[in-house]
Amino acid sequence: MADRNSLRTVRNLVGALTITCGVALVVYFGAIPRGDDGNQMAAVSYTQELGQARRAAPFPVVAPVGLPDEWRANSVTYRGTGDHGTTWHLGFVTPDDEYVALEQGSEKSAGFVRKVTRGARATGESRQVAGEEWARYEGRTYDALVHEGDGVTTVVTGTGSLEQMELMVKALKEK
């Protein structure tokens, strides 16, 4: 008798787990809204963080003005202190799902550039963009344009094309 009860208990447990997993899959695949390709990242607003950064940072904080509407901000961070001093980060997804980020740091350090570009290296080339000279960096993961200013290093980096990075640089404004 005990064996029959044990078998029934195991059968009931397997049945309950099957039903639970089935319901979970239906909820996951059917009830969670997704974009067309199922891989859309939510856009974030960065107005509040930008205001805070501009009031507190020891350098002129920039942000893009006039980027095409299809560019979606997806990450924003302001840190008053850290390994690289004061830092400002603003990341965007482009219309073709590439990533272009703005990074600013208060320390002129190769370590900051290396960190935010994920190890990209200077090519020795530079580009004139928006009236300023930007050093070109290339890497396995990210490429970048880097500008050393007075008390701030500004980096535009990511998987986006050089044209997309230049578009970001041209859109950068202090206010």
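Visitor: What makes Arg 118 exposed?

Guide: Arg 118 has a relative accessible area of 53%. The cut-offs are under 20% for buried, over 50% for exposed and partly exposed in between, with a 1.4 Å probe and protein chains only. So 53% puts Arg 118 in the exposed class. Bear in mind that this is a predicted model, where local features need pLDDT of at least 70, side-chain atom pairs count only at pLDDT 80 or more, and totals for chains, interfaces and linings use all residues. Residues are numbered from 1 along each chain as its sequence is written, and side-chain values use heavy atoms, with hydrogens and water left out.

Visitor: Where is Arg 118 found?

Guide: In the loop between α3 (110-116) and β5 (121-129); helices (H or I, at least four residues) and strands (E, at least two) are DSSP runs, numbered from the N terminus. Arg 118 also has a positive phi of about 55°, although it is not a glycine.

Visitor: And why is Ala 130 called exposed?

Guide: Its relative accessible area is 55%, so Ala 130 lands on the exposed side of the cut-off too. Ala 130 sits in the loop between β5 and β6 (132-138), and its phi is positive as well, near 55°.

Visitor: Why do Asp 97 and Arg 72 count as a salt bridge?

Guide: The term asks for a side-chain nitrogen of Lys or Arg within 4 Å of a carboxyl oxygen of Asp or Glu. The closest N and O atoms of Asp 97 and Arg 72 are 3.7 Å apart, so the pair qualifies. Asp 97 lies in the loop between β3 (87-93) and β4 (99-105) and Arg 72 in strand β2 (residues 72-79), so this contact ties together parts that are 25 residues apart in sequence.

Visitor: What makes Glu 166 and Arg 127 a salt bridge?

Guide: Their closest N and O atoms are 2.6 Å apart, so this pair passes as well. Glu 166 belongs to helix α4 (residues 162-171) and Arg 127 to strand β5, so the link joins parts that are 39 residues apart in sequence. Glu 166 is buried at 13%, while Arg 127 is partly exposed at 32%.

Visitor: How many salt bridges does the structure hold?

Guide: It holds 3. Among them is Glu 138 with Arg 136, whose closest N and O atoms are 3.1 Å apart.

Visitor: How do you know whether Arg 136 is buried or exposed?

Guide: Its relative accessibility is 11%, so Arg 136 counts as buried. Glu 138, at 43%, is partly exposed.
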